[in-house]
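Student: Please take a close look at the aromatic rings. What sits around them, and how are they paired?

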Amino acid sequence: MTSCHVAEDPIKKVAIFGGTHGNELTGVFLVKHWLENSTEIQRTGLEVKPFITNPRAVKKCTRYIDCDLNRVFDPENLGKKKSEDLPYEVRKAQEINHLFGPKDSEDSYDIIFDLHNTTSNMGCTLILEDSRNDFLIQMFHYIKTSLAPLACYVYLIEHPSLKYATTRSIAKYPVGIEVGPQPQGVLRADILDQMRKMIKHALDFIQNFNEGKEFPPCAIEVYKIMEKVDYPRNESGEIAAIIHPKLQDQDWKPLHPEDPVFLTLDGKTISLGGDQTVYPVFVNEAAYYEKKEAFAKTTKLTLNAKGIRSSLH
């Protein structure tokens, strides 16, 4: 074998999570379907487990019951003493960590795909947590190539101070899948079809890898988070301006310092400012009003991966 290939262990256990946010219905709908009939997601020699992560939130069609399940997979919450007084999602996180983890252990699932929708115009998005992960960069390259000419973006959430503690982070290889625009509590056929294809290509990649296919070195374009931008607010903390029409639905498009980002009710435009071009994502996301996030600024860069092959071959 050529020395430019990194030998990686074959993938054995994969989970597909839906309903981490109970009102993001594409993942809920697909996972419920696959729990009834898993033919579509089965691959030879691979255990693929579909799972509804937040059943109470799904039943109520709400993002969460007590707190955001997708932010509590940190050592502090996972290590809390079991008690009925804990928030529902913290108890659920401990249970999920027990079933699919434990986080950072040899026994954890190899890959977790966590299925999400956004109200923002982000199309097909893959979320990457580690810029040095050759295996996931290779997988994302395969998915992007397979989906073409349909665009598929990669959002890199690696950041020194923004720590997410996501549901999927208990896996050795965590994969966030985010498809929009879709309103909360709504199912759109086009969005469902796109998410379904992303999962199909991801599972095909894993099967090809396990069967000994070599993937040569590759490069992908990613958008790395820089910072989150809040809405302008008045003295009492209320939102004082809304997303400018010229920014609305312009996720992933270049945004220059002089470009308008907010509009006040008396018609005043507020521009981006700063001294660099950025790429906005999660523009006007409904779920992020409570998180005080109007959009996130990203910078575009290229990640390179070494060639990979399964260590069994």
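**Rings and their partners**

Tutor: K213 lies over the face of F215, at 5.2 Å from the ring centre. Here a charge sits over a ring if NZ of Lys or CZ of Arg is within 6 Å of the ring centre and within 35 degrees of the ring normal. This is a predicted model: local features need pLDDT of at least 70, side-chain atom pairs need 80 or more, and totals for chains, interfaces and linings use all residues. Residues count from 1 along each chain as its sequence is written, and side-chain values use heavy atoms, without hydrogens and water.

F215 also belongs to a cluster. Rings of Phe, Tyr and Trp (its six-membered ring) pair if their centres lie within 6.5 Å; planes under 30 degrees apart are stacked, over 60 edge-to-face, the rest tilted.

The whole structure holds 19 aromatic pairs. One of them is F17 with F100: the centres are 4.9 Å apart and the planes at 75 degrees, so this pair is edge-to-face. F17 lies in strand 2 (residues 13–18) and F100 in helix 4 (residues 88–100), so the pair ties together parts 83 residues apart in sequence. Helices (H or I, at least four residues) and strands (E, at least two) are DSSP runs, numbered from the N terminus. Both F17 and F100 are buried, meaning under 20% relative accessible area (1.4 Å probe, protein chains only).

Y223 and Y279 are edge-to-face too, with 5.5 Å between centres and 70 degrees between planes. Y223 is buried at 5% relative accessible area, and Y279 is buried at 15%.

Notes
Buried < 20%, exposed > 50% of the residue type's maximum accessible area, 1.4 Å probe, protein only.
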